[in-house]
Amino acid sequence: MDIAEKALSLLESCLRVTSSIESSPLILLCQAYLCLQLQRCPDAVRKLNQVSKDFLTHWMKLNAKFVVDQEKVETTPLGKVIAKNQESCFMEFVTHSAIEGQLGFEQLCTVLKLSTTLAENTVLKQFLEKVILGHIPVPTWDSDCTEKAVLLLTELLVSRALTEDVTVPAESNVPSSSSSSSSSVMFGARHKWLDSIIPSDSIYSTPDAKELESLLCSCHINPEVARCVNTLLDRMGKEAIETLQLCLLTWPHLGKLEEATKLVLTVCPSIAVDFCLTYFGSELTRWKWLLGILLGEIQQATPTKATMYSSLLRRSLDYVVTITTVEEFVGLLPQNGSLSFFLPLLEHSCKLFMSRQISRQLQCDLISA
């Protein structure tokens, strides 16, 4: 008979004699540990589920060696079962381990990869979210840790968003930072124009997809993150039209802003101006390029499309008039443009010019007073 089997048998014999200690949390933990040694995982889970969350969390903090093998830098069998079935307790233990300096950032990332399939690592996902949001205050961690967390979370979210069959841990139905309705704005507000894009697949309505978009709309987006997303999409064999939202959020950071704008005008022109407002800012050269594109499309489009492009042109000029002088604005207008179309805009430009002049004069008067 195996040692673990003998130990479990002896413990159960003792419990039959002394039933008063049967519900002791330490006894239940011992039983769970021995059941795992005998590969009786369902029995171990049943025992663990009888232990209160507060006690289990406190016990893990005091007995980390039973949860994480620091020499091998991996989660123990007991730790894996707790992580899968008592997710919130395990996350509290992980946060404590990080703050106390028991494990470094990269060690924790390794330990929390409980599944070889990246998309299934829900606990790792929650840990990375906490790191990025600054909810794990570890003085010894520098900005590199946050950057690494962003890259790893990006890879994980892409995998989850584009993988339909993701095994979710048993406790994931408990509201958390990753499963709540607020996940779409977890890292800041998503660009509103994203909601006007009709998803080509149901996966884009998932919380993971919304969270990924939120991350790519935040201050954490940079060329390295954008390259990470595009490399993963290429590896998955995804076309731009299949992952339109992700392409529009990353291409501007890869020197492909004009290409992204042309894609918007082709696939979903209704959001073109809002998209350009996001990425052009007040860069007049960019707007001048867009106006040239729109004027060209109006000249060769069918009447219906010409009307649509004219509307986009008007909205673009409504903004451009606010960032130019009268002379600059006149220089942007076509030689053969319609007077009825452009005259109101010219009048608006002149009024804005006069308003700025009056405002500057008032400021000078206030300063000299």
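Mentor: Setting aside residues up to four places away in sequence, Leu-244 touches Ile-197, Leu-263, Val-267 and Cys-268. This is a predicted model, and the contacts should be read as such. Leu-244 belongs to helix 12, which spans residues 244-250. With a relative accessible area of 4%, Leu-244 is buried, because that value is under 20%. Its C-alpha is 9.5 Å from that of Ala-260, a residue 16 places away in sequence.

Ala-260 comes up again at Leu-248. Beyond its neighbours within four places in sequence, Leu-248 is in contact with Trp-193, Ile-197, Ala-260, Leu-263, Val-264, Ile-271, Phe-275 and Tyr-279.

Now the cysteines. Zero disulfides are found in a search of the whole structure. Cys-109 is buried at a relative accessible area of 7%, and Cys-276 is buried at 0%.

The structure holds 13 salt bridges. In one of them, the side chains of Arg-40 and Asp-43 meet at 3.0 Å, N to O. Arg-40 is partly exposed, with a relative accessible area of 33%, and Asp-43 is also partly exposed, at 21%.

Lys-61 and Glu-92 form another salt bridge, with their closest N and O atoms 3.4 Å apart. This pair links distant parts of the chain, since Lys-61 sits in helix 4 (residues 53-62) and Glu-92 in helix 6 (residues 87-99), 31 residues apart. Lys-61 is partly exposed at 26% relative accessible area, and Glu-92 is partly exposed at 42%.

A salt bridge also joins the side chains of Arg-160 and Asp-208, at 3.1 Å from N to O. It links distant parts of the chain as well: Arg-160 is in helix 9 and Asp-208 in helix 10 (residues 207-216), 48 residues apart. Both Arg-160 and Asp-208 are buried. Through salt bridges that share partners, these two residues join Lys-125, Glu-129 and Glu-211 in one network.

Terms used:
Residues numbered from 1 in each chain as written. Predicted model: local features only at pLDDT ≥ 70, side-chain atom pairs only at ≥ 80, totals over all residues. Heavy atoms only, no water. Helix = DSSP H or I, 4+ residues; strand = E, 2+ residues; numbered from the N terminus. Buried < 20%, exposed > 50% of the residue type's maximum accessible area, 1.4 Å probe, protein only. Contact = heavy atoms within 4.5 Å. Disulfide = S-S within 2.5 Å. Salt bridge = Lys/Arg side-chain N within 4 Å of Asp/Glu carboxyl O.
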